[in-house]
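Open the model in your viewer and keep the sequence panel beside it. The tour goes from one selection to the next and says what is found at each stop.

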Amino acid sequence: MAEIPLAGCSELENFEYDAHFCNEFLIGQGSFGKVFQAHKLSTKDKCAVKVLSEGGFRNRMEDLKKEVFILQYCQSEFVT
């Protein structure tokens, strides 16, 4: 599998989630973390947000890269 650059990682390190999104309720959870229905504070648009658990993907970086790769090619208005 080709190397997948995780663009904007330095920006994500300083990202203040609570300043932009509000979790409404838990949709599900898996080995990487939890998925919440949330809304964007600035627009009130609903979305799903995956919150990675600390260490949830440790030693599983290839699995995480595969998931990111798949989501990048998902043709849905609900996946960004």
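Helices (H or I, at least four residues) and strands (E, at least two) are DSSP runs, numbered from the N terminus. Residues are numbered from 1 along each chain as its sequence is written. This is a predicted model, in which local features need pLDDT of at least 70, side-chain atom pairs count only at pLDDT 80 or more, and totals for chains, interfaces and linings use all residues; side-chain values use heavy atoms, with hydrogens and water left out.

Select residues 33-40, strand E2, and residues 46-52, strand E3. The two run antiparallel and are joined by seven bridges; strands pair if DSSP finds at least two bridges between them. Together E2 and E3 form a hairpin with five residues between them.

Next, select Lys44, in the loop between E2 and E3. Lys44 is not a glycine, yet has a positive phi of about 70 degrees. Most residues other than glycine have a negative phi. Lys44 counts as exposed because its relative accessibility is 57% (buried is under 20% relative accessible area, exposed over 50%, partly exposed in between, with a 1.4 Å probe and protein chains only).

Move to Gln37 in strand E2. Opposite Gln37 stands Ala48 in E3. The Gln37 side chain makes a polar contact with the Glu24 side chain at 2.6 Å (a pair of N or O atoms within 3.5 Å; within protein, one must be able to donate a hydrogen and the other to accept it, and residues adjacent in sequence count only if both atoms are side-chain atoms).

Finally, select Cys22 and Cys47. Cys22 is partly exposed, at 32% relative accessible area, and Cys47 is partly exposed at 25%. How many disulfides are there? The count is zero, a disulfide being a pair of cysteine sulfur atoms within 2.5 Å.
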